[in-house]
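The sequence and the model are shown first, and a description in short sections follows.

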Amino acid sequence: MGRLDGKVCVITGASAGIGRATVLLFAQEGAKVMAAARRKEQLEELVKECEGLPGEVDYCVTDVGDAASDANLIKAAVERFGRLDIAVNNAGVMDDNTAIADMSDEMLQKVFQINTFGLMYCLREECKQFLAQGDGGVIVNICSVGATHQTAGAAYCASKGAVLSVTKNTAYMYKDAEIRCNALSPGGVVTDIPLVMPPADEFGFSRTSELLNFSGELAMPEDLADAILFLASDQSRYINGVELKCDGGWTSF
Ligand SMILES: NC(=O)c1ccc[n+]([C@@H]2O[C@H](COP(=O)([O-])OP(=O)(O)OC[C@H]3O[C@@H](n4cnc5c(N)ncnc54)[C@H](O)[C@@H]3O)[C@@H](O)[C@H]2O)c1
């Protein structure tokens, strides 16, 4: 028996990195997964790769920064699989490590549009669906150690700080509706993020890179997927409104 047998899940940022590894693990554990990201070809490849696993995987091309696209994602998941049980809000982008004085409007808007507004648009649609169903639901918001430690620039760290706040707010507001909402904060993970992030600002990076000395060995996306599975499954049934750091002890100093 899989740990997510028959559970209907939405996972954003599913085309690469942590999101992709989570789709594969959830399908292995018997879930019905609606995988969401912007890149259709990568999603199609992922669906093919999941064929033969115990669960079922379909995809919905989604730009999380667009509220209408997020509403469409939840609608598509419910139309395809009949309901929603679990949501993993994972899509996110890095900034260029700039401190506030040098931060551009463009960077602030881009990072908040995806990491904060995008996650909150998804969260809103997911909670509406859970409340309409009336039998609870589980949310895992992918945050970052940057929410509490200065591992990136002002825009990224603040965008993830807001993710932590809205996680706790949601857990509190809907406690009696049995909607669990937790945050999972990765440390350093081997994904595309370093490849797609903008060139680092010299001053900002000189500050954030001091912390890299404490990071130790980087995690693989599969290490994060295991922790996400724990927060998504009934094994964490009494855990609500917390931030679970999955950083190998990086921020334990
Ligand atoms: N990699 C790390 O070291 C690290 C550390 C801390 C937190 N995180 C967080 O983990 C999450 C996943 O990142 P990752 O490391 O797997 O990076 P990644 O770049 O490999 O994957 C990010 C995913 O999000 C998707 N995405 C980006 N913008 C999107 C948008 N507008 N709409 C839909 N999808 C979009 C990308 O296409 C990709 O599928 C992010 O929220 C990130 O902030 C990563």
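## Helix α4 and aspartate 105

Aspartate 105 is found in helix α4. The model described here is a predicted one. With a relative accessibility of 54%, aspartate 105 is classed as exposed, because the class begins over 50%.

Aspartate 105 can also be placed relative to another part of the chain. Alanine 155 is 50 residues away from aspartate 105 in sequence, and the C-alpha atoms of the two are 9.8 Å apart in space.

The loop between β4 (86-89) and α4 (105-133) contains asparagine 97. Although asparagine 97 is not a glycine, its phi is positive, at about 70°. For comparison, most residues other than glycine have a negative phi. Asparagine 97 is buried, and its relative accessible area is 4%.

Threonine 98 is also placed in the loop between β4 and α4. Its relative accessibility is 5%, so threonine 98 counts as buried. The side chain of threonine 98 is joined to that of aspartate 96 by a polar contact of 2.8 Å.

Is glutamate 178 buried or exposed? At 60% relative accessibility, glutamate 178 counts as exposed, since the limit for that class is over 50%.

## The surroundings of the ligand

There are 28 residues around the ligand, and Ser15, Ile18, Asn90, Tyr156 and Thr191 come nearest. By class, this shell consists of 13 nonpolar, 10 polar and 5 charged residues. A polar backbone atom of isoleucine 18 is 2.8 Å from an oxygen atom of the ligand. For valine 189, a backbone N or O atom lies 2.9 Å from a ligand oxygen atom. Arginine 38 contributes through its side chain, with a polar atom 3.2 Å from a nitrogen atom of the ligand.

On its own, the ligand has 820 Å² of accessible area, of which the protein covers 95%.

Isoleucine 11 is found in strand β1, which spans residues 8-12. This residue is buried, with a relative accessible area of 0%. Alanine 36 is 25 residues from isoleucine 11 along the chain, and a distance of 6.0 Å separates their C-alpha atoms.

Strand β3 covers residues 56-61 and includes valine 57. What is the burial class of valine 57? Valine 57 counts as buried because its relative accessibility is 13%, and the buried class takes in values under 20%. Between valine 57 and leucine 46 there are 8.5 Å in space, C-alpha to C-alpha, and the two residues are 11 residues apart in sequence.

Aspartate 63 has its place in the loop between β3 and α3 (67-81). How does aspartate 63 count at 35% relative accessibility? Aspartate 63 counts as partly exposed, because that class lies between the limits of 20% and 50%.

Aspartate 63 and tyrosine 238 are 175 residues apart along the chain, and their C-alpha atoms are separated by 32 Å.

Definitions and conventions. Residues numbered from 1 in each chain as written. Predicted model: local features only at pLDDT ≥ 70, side-chain atom pairs only at ≥ 80, totals over all residues. Heavy atoms only, no water. Near = heavy atom within 4 Å. Polar contact = N/O pair within 3.5 Å; in protein donor to acceptor, adjacent residues only side chain to side chain. Areas by Shrake-Rupley, 256 points an atom, 1.4 Å probe, with all protein chains shown as cover. Nonpolar A, V, L, I, M, F, W, Y, C, P; charged D, E, K, R; others polar. Helix = DSSP H or I, 4+ residues; strand = E, 2+ residues; numbered from the N terminus. Buried < 20%, exposed > 50% of the residue type's maximum accessible area, 1.4 Å probe, protein only.
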